[in-house]
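Please look over the sequence and the three-dimensional model that follow, and then read the report below with both of them at hand.

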Amino acid sequence: MIPRIVDVSENGRFIAKKCGFITIKQGNESLGEVPLDDIGVLMISAFGATCTKDALVSLAERGAVTILCGSKGLPSALVLPVNANYESALRIKLQTQASQPLKKRLWQSIVIAKLKNQCEVLRYFNKQKKANQIDVYARQVQSGDPQNREASGARIYWKTLFGDEFSRNPDGDWPNSLLNYGYAILRASAARALCAAGLNPIFGIHHENSTNPFPLADDIMEPYRPLVDFYVKQILTTEINEMNSTAKHKVSAFLWADLSFEGETTPLYTAMERLAFSLVKSYKSKKPQIEIAKIRLSKND
């Protein structure tokens, strides 16, 4: 079962634990309850919501992640489990000892996978020519991506997918706000997978941690960003044109999307965990053995 996302977006909500459930109230009125074991991500996007420590601890003990959003609705903090894997100390040591050549090779694999997945999204929308241009960049990515083929692909990708007037801006309005929401869930999924694998999100492969508390989560979510983009693009073809509960529900469906490994399919949530554990293998062997699923889209998606 894919863990559920619980999004608390209305001010005045009170979140607590009660007998194995997370309960949500407004004053004395009970609005609902969700079994603790069913929750993968608790997102508190309302600025005026309150949550008990017992609820946060109980979720973390079950491997769930809590996202705390600031006044603009953007993620400000993650509450992560710290004892999800008994080998954590050893694996964190491996992280800190990873060589630069290894990290550059891992980043090369991540960028290639991201560009390939961007191609798949564009091809779904019949943008074959532009997809082929990005595919050329994917074949040119070198260790560490010194030529920044990732950025070269992005310049083509965003305009092709969302139109010439679109500019990707994390502080921008619709549809940037919807992209931000999807990426926040994706980032939480990445952080949760890393903790389950006994890795620390602080120690990144490519992203730096001077102002970023979870650079490794940002690293491993990169190949799967295009899946969020796909769901956002689908939403833009409907009458939805603002952030609301329907938009949030529809974009979060990417967690259930089937991705392709060699000879098998798996949902994004599981694919992220597999990627995290393959990163452990890479650190142990000192060779890039990272496993990244491919996006495979059909007109039924």
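## Terms and basis

Helices (H or I, at least four residues) and strands (E, at least two) are runs assigned by DSSP, and they are numbered from the N terminus. The model is predicted, with local features needing pLDDT of at least 70 and side-chain atom pairs counting only at pLDDT 80 or more, while totals for chains, interfaces and linings use all residues. Residues are numbered from 1 along each chain as its sequence is written, and side-chain values use heavy atoms, with hydrogens and water left out.

## The chain as a whole

The secondary structure of the protein chain comes to 10 helices and 11 strands. A compact globule of 301 residues would have a radius of gyration near 19 Å, and because the protein chain has 19 Å, the two agree; here the radius is taken over C-alpha atoms, and the globule rule is 2.2 Å times the number of residues to the power 0.38. Along the principal axes, the C-alpha atoms fill a box of roughly 60 × 50 × 40 Å.

Of the 301 residues in the protein chain, 51% are buried, where buried means under 20% relative accessible area, exposed means over 50%, and partly exposed lies in between (1.4 Å probe, protein chains only). Among contacts (heavy atoms within 4.5 Å) between residues at least 6 apart in sequence, 65% join residues at least 24 apart.

## The largest pocket

A pocket is an open set of points on a 1 Å grid over the protein atoms alone, where a 1.4 Å probe fits and protein lies on both sides within 12 Å along at least five of seven lines; its lining residues have an atom within 4 Å of a point. The largest pocket has a volume of about 580 Å³, a volume being the space filled by probe spheres set on the points, which are joined across faces, edges and corners.

This pocket is lined by 21 residues, and Ile-5, Val-6, Asp-7, Val-8 and Ser-245 lie nearest its centre. At least two lining residues are supplied by each of β1 (4-8), β4 (29-35) and α9 (245-251), and the largest share, 5 residues, comes from β1.

## Helix α1 and its surroundings

Helix α1 (residues 53-61) has Ala-55, Ser-58, Leu-59 and Ala-60 as its buried residues. These buried residues pack against β2 (13-18), β3 (21-26), β5 (39-44), β6 (50-51) and β7 (65-69). After α1 comes Gly-63, whose phi is positive, near 85°.

Gly-63 is also one of the contacts of Arg-192, which include Pro-3, Gly-40 and Tyr-269 when neighbours within four places in sequence are left aside. Arg-192 is found in helix α6 (residues 176-196), and because its relative accessibility is 15%, Arg-192 counts as buried.

Which peptide bond is cis, with omega near 5°? It is the bond from Trp-174 to Pro-175, and Pro-175 is found in the loop between α5 (149-162) and α6.

Cys-19 lies in the loop between β2 and β3, and it has a positive phi of about 50° although it is not a glycine. With 70% relative accessibility, Cys-19 counts as exposed. Lys-286, which is not a glycine either, has a positive phi of about 65° and is placed in the loop between α10 (268-285) and β11 (294-295). At 62% relative accessibility, Lys-286 counts as exposed.
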